[in-house]
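Hi,

Here is the structure I said I would pass on. Have a look at it first, and my notes on what turned up follow below.

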Amino acid sequence: MAKSFENEHPIKAFGWATRDTSGVLSPFNFSIRVTGEKDVQFKVMYCGICHSDLHQLKNEWGNSKYPMVPGHEVVGVVTEVGSKVEKFKVGDKVGVGCMVGSCRKCENCSVDLENYCPRQIPTYNGYSLDGTLTFGGYSDMMVSDEHFVVRWPENLSMDAAPLLCAGITTYSPLKYFGLDTPGMHIGVVGLGGLGHMAVKFAKAFGTKVTVISTSANKKQEAIERLGADSFLISRDPEQMKAAMNTLDGIIDTVSVVHPILPLLMLMKSHGKLVMVGAPEKPVELPVFPLLMGRKLVAGSCIGGMKETQEMLDFAAKHNITPDIEVVPMDYVNTALERLLKSDVKYRFVLDIGNTLNKK
């Protein structure tokens, strides 16, 4: 029977954390809040390693808080629910993505866009309402308000955890900007953790997909394995010229500074270039091509809770999963080093449930 645990002592948890900007992770004991009346407590089974974890661990964005337990692509099994929880019960498979709280009152929250709430609480490296640090999914247990928990479809493998970040980050802009119409021609810039998911979702929507990359050696992977229709080498001026004015929209997943003008030239009039990568330095944006073609440059960041559940259900229906390499918890520092070198296709996932051993 569900009950409230608000007056009990904090729950002891265990995970891996970094204590400073070295970014090196090691075993860490900590406490999480007791299960409140609207909370869901769950045992973590899998957690994806996101490229943003690298930035946060080393304070490359200037907002890191230590000690830090990363992880915002978290899938697990419910172990306890509060007395007023309505959507979940013990034993359910669930997921938590990039946020665990918001104000629930602002204009964005009122239209299911909690991801744009000014008071959004990130899953880790943030502060809970009680002022304590939030700790992520590189741990054995988590507690979250049920509003920020999603139901994990039964036919979706639990190790597909990167859907909770890479999946929604690419699904949301395709839907919002109308780039999900069958027959459209969509470009995807970059073929990494985000890019390969953009290809999979765009193809599932029935669009024609062209992958745009600096690396010629990714062509076979893009077309034969991921199902892209064509491939452009962005460093080849002849290829880029031949493809001018052919794309209805572009999802740009690249997180380093790169030229925007060539991408604008690939789009038809009214084309939409949506940035989902996060370069550390400003990119140069030429205005004239925007004026002449009434083209748009926009950004997008994850999605709200309603849309995240929609994305998971769509992925389950169409058998869309990220390409992953599952690794044990004690491999995490090596995995982060390899991720920095792009030595993974395309996401690492930590097998928390089977390999996180308390020490």
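Let's start with helix H3, whose buried residues pack against strands E10 (185-189), E13 (247-252), E14 (267-275) and E17 (347-351), as well as helices H4 (193-204) and H9 (305-317). Helices (H or I, at least four residues) and strands (E, at least two) are DSSP runs, numbered from the N terminus. Buried means under 20% relative accessible area, exposed over 50% and partly exposed in between, with a 1.4 Å probe and protein chains only. H3 itself spans residues 166-176, and nine of its 11 residues are buried. Those are Ala 166, Gly 167, Ile 168, Thr 169, Thr 170, Tyr 171, Ser 172, Pro 173 and Leu 174. Just past the helix, Gly 178 has a positive phi of about 70°.

A word on provenance: this is a predicted model, where local features need pLDDT of at least 70 and side-chain atom pairs count only at pLDDT 80 or more, while totals for chains, interfaces and linings use all residues. Numbering runs from 1 along each chain as its sequence is written, and side-chain values use heavy atoms, without hydrogens or water.

Now the cavity. A cavity here is a set of points on a 1 Å grid over the protein atoms alone where a 1.4 Å probe fits but cannot get out; lining residues have an atom within 4 Å of a point. Ile 168 of H3 is part of the lining, along with residues including Cys 98, Met 99, Leu 164 and Met 305. By type, the lining has eight nonpolar residues, three polar and no charged; Ala, Val, Leu, Ile, Met, Phe, Trp, Tyr, Cys and Pro count as nonpolar, Asp, Glu, Lys and Arg as charged, and the others, Gly among them, as polar.

Overall, the chain has 11 helices and 17 strands, and 54% of its 359 residues are buried. The C-alpha atoms fill a box of roughly 65 × 40 × 35 Å along the principal axes.

Lys 58 is partly exposed, at 37% relative accessible area. Beyond neighbours within four places in sequence, Lys 58 is in contact (heavy atoms within 4.5 Å) with Thr 21, Ser 22, Gly 23 and Tyr 66.

Cheers

Methods
1 Å grid on protein atoms, 1.4 Å probe; cavity = no way out; pocket = protein on both sides within 12 Å on 5 of 7 lines; lining within 4 Å.
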